[in-house]
Amino acid sequence: MPDTTTILTGERMATQRYLDEADRYSAHNYKPLPVVLERGEGCWVWDVDGRKYLDMLAAYSAVNQGHRHPRIIAAARAQMDRLTLTSRAFHNDRMGPFLKRLCEVTGFARALPMNTGAEAVETAIKMVRKWGYQVKGVPHDQAEIIVCSNNFHGRTTTIVGFSSEAQYRAGFGPFTPGFVTVPYGDARAFEEAITDRTVGFLVEPIQGEGGVVVPMDGYLGCTRELCAEAGVAFMADEIQTGLGRTGRMFCCDWEDVRPDVLIVGKALGGGVYPVSAALADDEFMEVFHPGDHGSTFGGNPLGAAVGMASIDVIVDEGLVARSDRLGRWFMDELRAIESPHVLEVRGKGLMIGVEIRPESGTARPFCEALQGRGILAKETHHQVIRFAPPLVIAEDDLKWALEQVREVLT
Ligand SMILES: *Cc1c(COP(=O)(O)O)cnc(C)c1O
């Protein structure tokens, strides 16, 4: 059994039962905090023993709109009563309007809908490779894509093959060739890695799973420029940073960078349904012909209705500006806490990381202490506590969270 048993008391009987059951029947590919949730609303969730928690993880930013946003739930319900899945063998009346809206919001000509983030990353990789051969003229099977150290782009075999995290790779090879790794945040290293065979640069504008790593100002703009000069596709993975999380609609907007390929997911499904997409203009998207690529569920009417409502909520409720404003306030307040344990507070908007000093141990005990005070946060990369609540969080709730964090850190 995990060490979690020790902190469970008699009054958490239901929790223990569910933990035991999950432990017995699930694969052990995760080590979650020992909390079993049964209900959620806005930024609050409740566990099976009736405890209430503030969700400061928001499902890794898949719940930017808050749990069960009424408008998204209503859209899903209405669509469930009409039509849910057609496959792409037939058209449906929801995909077109959804993709039009997504293209308007992002400023791209076309979108290719998928379901999970990893699938959208794979889509972008296939698109850019084929573009490299057909448009750029790279010799057959020679295309290279430059990626960054400390990246996280998902869990497929191709994607983990270019991870620099040993555990993500160990035991899962052999891996797909054609990826070159450069240090994150180092535009010079990127420039030096470009060759005639380089077709794309895949980058997170802020590394989320890598520990909320914010690159130096100018990094995105500079690498974007280098891509334009060298005829390399700039591929922004905004699955976690996009849709308002960082205080801009997309994190690339902070540097007025327009990628060649934009990858979105997570909050595009409003915490209700997996919806992702790769977006690009015709030059890239036209490499795909019928039969080249696809997904049974990609673009399905239920996902499209949910995706449309998810975008509408972010726009109509001003969640981007809200993330900017509340994020600035929260980050300033976190920095003002005089804690012997904190090495650095960093982030943008409501994507904030608090790095714990190595002398103070890992971030995990701090997350467990926060759980004891009614806040769900998850450590990332051992040393970093991530604070990324739903963007709808009320100011008073954020103030309350700050007090809990202050107590735990001091
Ligand atoms: C979560 C995430 C992914 C993978 O998304 P899944 O839906 O889990 O496949 C890819 N890239 C980034 C930056 C992410 O945060």
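Biologist: What makes Ala-58 count as buried?

Modeller: In this predicted model, Ala-58 has a relative accessibility of 0%, and because buried means under 20% relative accessible area, Ala-58 counts as buried. Ala-58 is found in helix 2, residues 58-61, and its phi is near 55°, a positive value in a residue other than glycine.

Biologist: Leu-243 also has a positive phi although it is not a glycine, so how do you know that Leu-243 counts as buried?

Modeller: The relative accessibility of Leu-243 is 3%, and since the cut-off for buried is under 20%, Leu-243 counts as buried. Its phi is about 55°, and its place is in the loop between strand 8 and strand 9.

Biologist: How do you know that Cys-148 is in no disulfide?

Modeller: A disulfide needs a pair of cysteine sulfur atoms within 2.5 Å, whereas the cysteine sulfur nearest to that of Cys-148, belonging to Cys-227, is 10 Å away; Cys-148 is therefore left without such a partner. Cys-148 is buried, with a relative accessible area of 2%.

Biologist: And why is Cys-222 called partly exposed?

Modeller: Its relative accessible area is 35%, and because buried means under 20% and exposed means over 50%, Cys-222 falls in between and is called partly exposed. Cys-222 is in no disulfide either, as the nearest cysteine sulfur, that of Cys-227, is 9.9 Å away, and a search of the whole structure finds zero disulfides.

Biologist: What makes strand 8 and strand 9 a pair?

Modeller: Pairing asks for at least two bridges between two strands, and strand 8 (residues 233-237) and strand 9 have three, in the parallel sense, so the two strands count as a pair. Within strand 9, Val-261 is the bridge partner of Met-235. Strand 9 is also joined to strand 10 (residues 276-280) by four bridges, and these two run antiparallel, with Leu-262 standing opposite Leu-279.

Biologist: How do you know that both faces of strand 9 are covered?

Modeller: On one side of strand 9 (residues 261-264) are Val-261 and Ile-263, on the other are Leu-262 and Val-264, and all of these are buried. In a regular strand the side chains alternate between the two faces of the sheet.

Biologist: Why are strand 11 and strand 14 called edge strands?

Modeller: The open sheet has four strands in the order 11-12-15-14, with antiparallel pairing, and strand 11 (342-348) and strand 14 (378-380) each pair on one side only. The twist averages 30° from one strand to the next. Helix 12 (residues 319-336) packs on this sheet, touching strand 11, strand 12 and strand 15, and its direction makes about 170° with that of strand 11.

Biologist: What makes strand 12 and strand 15 a pair?

Modeller: Four bridges join strand 12 (residues 351-356) to strand 15 (residues 384-387), and because at least two are required, the strands qualify as a pair, running antiparallel. Glu-355 stands opposite Val-384 in strand 15.

Biologist: How do you know that the reach of helix 1 is close to the one expected?

Modeller: Helix 1 (residues 13-25) has 13 residues and reaches 19 Å from its first C-alpha to its last, against the 18 Å expected at 1.5 Å a residue. Its buried residues are Ala-14, Thr-15, Gln-16 and Leu-19, and they pack against strand 2 (44-47).

Definitions and conventions: Residues are numbered from 1 along each chain as its sequence is written. This is a predicted model: local features need pLDDT of at least 70, side-chain atom pairs count only at pLDDT 80 or more; totals for chains, interfaces and linings use all residues. Side-chain values use heavy atoms; hydrogens and water are left out. Axes are lines fitted to C-alpha atoms, for helices over the stretch in contact, and angles run from 0 to 180 degrees between N-to-C directions. Contact means heavy atoms within 4.5 Å. The expected span of a helix is 1.5 Å times one less than its number of residues. Buried means under 20% relative accessible area, exposed over 50%, partly exposed in between (1.4 Å probe, protein chains only).
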